[in-house]
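Thanks for making time this morning.

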Amino acid sequence: MTSLTKSIKGLARITPETLTTTSGRLWAMICYNLFDHGFLRVWWTNLEEIAPGVWRSNQPGPQRMAHYARMGIKSVLILRGRGEKAHYQLEREAAERAGITLHATTIHARKAADPARFKELFRLFETMEGPWLMHCKSGADRAGLASVLYLLWIGRPLAEARKQLSWRYFHLTSTQTGILDVMLDHYEEALREGPKDIETWLAEDYDPARLTAEWKEGRRHGKPWPRD
């Protein structure tokens with residue numbers, strides 16, 4: 001990491017204390033809008049109810065968190081994890097003000113995730129108070145994958161569930177995020193051998209190494225696969 005990169009990361013570090021001063025809050029909003037592209041999400045929300053009482057969206061700004069509270073949302077699941085970043089600290093503060101409970105985990109859009117990540121996701125599905133909403137940054141890939149997994153978890157067909165990963169939400173199979181589609185293809189293969197719920201498959205049969213190797217080779221079940 002270069003000294004310039006370290007300096008930029010240091011400047012972008014936002015803590016709860018940062019928000020206690022006028023200048024700190026102003027800087028947090030600049031970081032949110034500039035580094036996290038928050039200005040693009042002022043009107044574009046990707047908000048959609050995928051099942052009764054379960055919603056998906058992109059990263060909400062502070063004002064939108066208040067709107068979610070008025071909608072009756074009780075819990076929000078952040079798929080980007082926690083951290084000393086403007087988007088998280090502003091959301092944490094806004095959720096506390098709105099009476100919304102925040103939960104956070106980290107899943108990946110451009111690489112095969114460790115099975116433990118999915119185990120944690122299913123635990124959250126089971127324990128969060130509803131109605132609830134999940135989001136990533138753009139609401140395209142991580143939110144799409146989590147939405148697919150949720151629908152499968154409640155017993156919806158794969159063909160229906162995987163529509164949550166589509167160009168409609170700006171998910172593109174031709175980029176590195178296409179690895180998520182390959183993962184679902186692997187699950188589809190498993191279903192041809194007989195019924196198996198998604199939680200069991202991810203715990204027992206999901207193979208991150210195979211998925212990664214197949215992606216790096218640029219192939220999808222013997223067919224040419226787009227690469228960056």
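**Starting from helix α4**

Helix α4 covers residues 86-98, and at 1.5 Å a residue its 13 residues should span 18 Å, which agrees with the 18 Å that separates its end C-alpha atoms; the expected span here is 1.5 Å times one less than the number of residues. Before I go on, this is a predicted model, in which local features need pLDDT of at least 70 and side-chain atom pairs count only at pLDDT 80 or more, while totals for chains, interfaces and linings use all residues. Residues are numbered from 1 along each chain as its sequence is written, and side-chain values use heavy atoms, with hydrogens and water left out.

Helices (H or I, at least four residues) and strands (E, at least two) are DSSP runs, numbered from the N terminus. The buried residues of α4 are A86, H87, Y88, Q89, L90, E91, E93, A94 and A95, where buried means under 20% relative accessible area, exposed means over 50%, and partly exposed lies in between, with a 1.4 Å probe and protein chains only. What covers these buried residues includes helices α2 (22-34) and α3 (62-71) together with strands β3 (75-78), β4 (101-104) and β5 (132-135). After α4 comes G99, whose phi is positive, near 80 degrees.

Now to the aromatic rings: how many aromatic pairs does a search of the whole structure find? The search finds 10, counting rings of Phe, Tyr and Trp (its six-membered ring) whose centres lie within 6.5 Å, with planes under 30 degrees apart called stacked, over 60 edge-to-face and the rest tilted. The rings of F125 and W153 have their centres 5.7 Å apart and their planes at 50 degrees, so this pair is tilted. F125 lies in helix α5 (residues 115-127) and W153 in helix α6 (residues 142-153), so the pair ties together parts that are 28 residues apart in sequence. F125, at 5% relative accessibility, counts as buried, whereas W153, at 28%, counts as partly exposed. Ring pairs also link F122, F125, W132, Y150 and W153 into a cluster.

Finally, the whole protein, which has 10 helices and seven strands. Buried residues make up 48% of its 228 residues, and the C-alpha trace spans about 60 × 45 × 30 Å along its principal axes.

Technical notes: Contact means heavy atoms within 4.5 Å.
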